[in-house]
Amino acid sequence: MQLIDSHCHLDDYEDLPEVIARANAAGVTRLLAIGIGNGPDDMHRALEIARAHENIFATAGIHPQEAHRADGTALRKLEELAADPKCIAIGEIGLDYYHLDNPDPAIQQEAFLSQMEIAAAARKPITIHCRTSELATPQAKQKFEQAGNPHLAFDDLIYLIQKHWVPTGLPGIMHCFSGNAVQAAQSLAAGFYLSFAGNLTYPKSVAIQDVAKTAPADRILVETDAPFLTPIPLRGQRNEPAHTSLTARFLADLRGVSADEIAAQTTANFERLFPTTAQAEHNVSE
């Protein structure tokens, strides 16, 4: 199988050359390195990695947990990074109503809107992070539910996307899609691809698995979110892009198709979303 890891945090590895080598050996021949760093000060690190490897591409963005740092300086830096050809998307951006110490919803939403504007000006897709307060601590639930939507961060997210992103005509990725069938339908209607990570393989992920079974074949991707969300049977260990194949095989079994078919389909989908990445695979193959 030739696979693409559509979401991994390569700047988290001290042994990056070995991680990349294991990915390539496992048939994961292209990687999308997510450029959020530990905040705006080092969101350029993924792009630096991508510039050094023909088969690695990057995003840049300010994670919603860092939304309070999305000031003028940070947004200007993001504009500069977005202009680089190796930066193929803006993200991960979105909303996170899970941790008590996360910025207030209004601050997160303002940062999200600003970054969508930058992505639209650069004519590049966005990759979305969305985490709800449903499973948060009682204190966090109280904070975020009192502050706005009493249900899901997704409701706020999809409203902002429908109002401010859909009119641009640009696509995007719902990174680590963890929603239900209704949320999947809303995401697809807004022009987004659904990217499935290692949590797809977890026994309790029934709703995600139901979506993965029936999602349109031309709108699915696979990812690791490495070094997080290690798929079964390696759960508990550090995740790596090489493990993309485990999620891909699980997804294939869910959909009743071969792993090779999933690999070919998700690769074609990624190349449709990011056409400039196809040449890198051709060059690597040569």
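This is a predicted model: local features need pLDDT of at least 70, side-chain atom pairs count only at pLDDT 80 or more; totals for chains, interfaces and linings use all residues.
Residues are numbered from 1 along each chain as its sequence is written, and side-chain values use heavy atoms, with hydrogens and water left out.

**View 1. The surface and charges of the chain.** You will find 22 positive and 36 negative side chains, the centres of the two sets lying 2 Å apart. Lys and Arg count as positive, Asp and Glu as negative, and His and the chain ends are not counted; each charge is placed at NZ of Lys, CZ of Arg, CG of Asp or CD of Glu.

View 2. Ser187 sits in helix H7, residues 181–189 (helices are DSSP runs of H or I, at least four residues, numbered from the N terminus). Its relative accessible area is 0%, so Ser187 is buried (under 20% relative accessible area, 1.4 Å probe, protein chains only). Leaving out residues up to four places away in sequence, Ser187 touches Phe154, Ile158, Met174, Phe177, Phe192, Leu194 and Arg219 (contact means heavy atoms within 4.5 Å).

**View 3. Phe144 and Asp260.** Helix H5, residues 138–147, holds Phe144. Phe144 is buried because its relative accessible area is 0%. Between the C-alpha atoms of Phe144 and Asp260 there are 43 Å, with the two residues 116 apart along the chain.

Notes: Helices (H or I, at least four residues) and strands (E, at least two) are DSSP runs, numbered from the N terminus. Buried means under 20% relative accessible area, exposed over 50%, partly exposed in between (1.4 Å probe, protein chains only).
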